[in-house]
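Me: I would like to learn how to read a model like this one, feature by feature. Please give the general idea each time, then the case at hand.

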Amino acid sequence: MKRLLTVSLILAVLFSVISCNTKKTDGYTIEGTISGADTGWVMLKKRSEGKMITSDSVKIKDGKFTFTGKVEMPEMVYLKLKNTDGALPFFLENAAITLKTFADSIDKSVVTGSKSQDMYVAYLKETKVYDLKLEELYGRDMKAKEVKDTAAVKTLEAAYDSVESAQSQFTKEYILKNGKSVVAAYLAISNAYAYSLDELKAINKAFDPAIGNSSYVKTLAERETILGTVQPGQMAPAFTMFDTVGMDIKLSSFKGKVVLVDFWASWCSPCRAENPNVVAAFRKYNNKGFTVLGVSLDTDKLKWRNAIAKDGLTWTHVSDMKGWSNSAAKLYGVMSIPANFLIDKEGKIIGSSLRGKDLDKKLEEVMGK
């Protein structure tokens, strides 16, 4: 059930689109109407470093608004009404774009004039069959868990993983076939957490030089470089971070021990579910020179400390309290948690993404029975 439990869910909003020919302009013009809001403010937002920032805002007059500007490459932006929940994601590009928006149901908004948006919504329609199947399986799985039907749970979760894998494969093939479009780069960035280094190399190679200036393409290239530094056989990137009482802890201080750098957070359900396996490994191999360095992507120190105590995590813990902007997570290319890296006594990476029995098997190989 990875997709439903991952910190970030992408492509969740579906809305109608009416296709039309894009009018070529030197920049963009967004002409919008809002039903249910004659006055107020409307904002254009975009994601930067994991946060939503406002790139422009205009007043609504008589239920209408206009944005003008210029973008170098098409990009995903979010239309938001001030003091109203929800936002409308759409692809902005240099064209004459029309938005028909509803203040009380922004997800039903209509976007016309952006070819990139048309392409994006066409992709969403193709993947909807997977989303509906996943939703159905998830609902059945929850009911099976309620009645403690373990056999059904096992079957349903296997089916869920199979559908999710098929959807992931469909998206990857779509990206590889549409390397001339920024939409493909956006989908790749949205799913980058799931791609191995080899998969990412193939995806980056498929992008046309014409979209090379897209921030999505540049970020994917940077991620390829980062992943190359944390492959087995590479020396583990060094970092220093505060522990639970504010003391500096250096990764290098663990030299001479086999250490599992474990990325997690108190709010991460899969992480908490995996913690008993890490505890068992720690108890089994700690007296043989194995330890764990927990790196938390928390932002609340009290919740972090409470989770450590509740789960019985008796090893060293560090965090900079920056959530997904955690400096060590960025250094290691961590985009989803739980994630871990096993480092030998000399500071070399010898494994990663080791969970459950895989962690115990690797430690038995390294530490001996």
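Me: Among contacts between residues at least 6 apart in sequence, what percentage join residues at least 24 apart?

Reply: Contact means heavy atoms within 4.5 Å. In this protein, 66% of the contacts between residues at least 6 apart in sequence join residues at least 24 apart. Before going on, note that this is a predicted model, in which local features need pLDDT of at least 70 and side-chain atom pairs count only at pLDDT 80 or more, while totals for chains, interfaces and linings use all residues. Residues are numbered from 1 along each chain as its sequence is written, and side-chain values use heavy atoms, with hydrogens and water left out.

Me: How many helices and strands does the protein have?

Reply: Helices (H or I, at least four residues) and strands (E, at least two) are DSSP runs, numbered from the N terminus. Here there are 10 helices and 15 strands. The C-alpha trace spans about 70 × 45 × 40 Å along its principal axes.

Me: What share of the residues is buried?

Reply: Buried means under 20% relative accessible area, exposed over 50%, and partly exposed in between (1.4 Å probe, protein chains only). Of the 369 residues in the protein, 45% are buried. Threonine 171, in helix α3 (residues 150-177), is one case: its relative accessible area is 3%, so this residue is buried. Leaving out residues up to four places away in sequence, threonine 171 touches Tyr123, Asn191 and Tyr195.

Me: Which residues have the most contacts inside the largest nonpolar core?

Reply: A nonpolar core is a set of buried Ala, Val, Leu, Ile, Met, Phe, Trp, Tyr and Cys residues joined through side-chain atoms within 4.5 Å. The largest one has 74 residues, and Phe207, Phe263, Phe290 and Tyr332 have the most contacts inside it. Helix α4 gives the most to this core, with eight residues. Another core, of 23 residues, lies apart from it and includes Leu44, Leu88, Ile97 and Ile106.

Me: What does phenylalanine 290 contact beyond its neighbours within four places in sequence?

Reply: Phenylalanine 290 is in contact with Val258, Leu260, Ala281, Phe282, Tyr285, Leu342, Leu363 and Met367. Methionine 367 belongs to helix α10, and its relative accessibility of 15% makes it buried. Apart from residues up to four places away in sequence, methionine 367 touches Val258, Tyr285, Lys288, Gly289 and Phe290.

Me: How do α4 and α6 cross?

Reply: Axes are lines fitted to C-alpha atoms, for helices over the stretch in contact, and angles run from 0 to 180 degrees between N-to-C directions. The axes of α4 (residues 182-190) and α6 (residues 215-229) come within 8 Å and cross at roughly 40°. Angles under 35 degrees count as roughly parallel, over 145 as roughly antiparallel, 65 to 115 as roughly perpendicular and the rest as oblique. The two helices, α4 and α6, are therefore oblique to each other. On the α4 side, Val182, Ala185, Tyr186, Ala188 and Ile189 meet Tyr216, Val217, Thr219 and Leu220 of α6. By class, eight residues of this contact are nonpolar, one is polar and none is charged; Ala, Val, Leu, Ile, Met, Phe, Trp, Tyr, Cys and Pro count as nonpolar, Asp, Glu, Lys and Arg as charged, and the others, Gly among them, as polar.

Me: At what angle do the axes of α2 and α3 cross?

Reply: The axes of α2 (residues 115-146) and α3 come within 8 Å and cross at roughly 170°, so α2 and α3 are roughly antiparallel to each other. Their contact has 16 nonpolar, three polar and eight charged residues.

Me: Are aspartate 62 and serine 353 buried or exposed?

Reply: Aspartate 62 is exposed, with a relative accessible area of 63%. Serine 353 is exposed too, at 56%.
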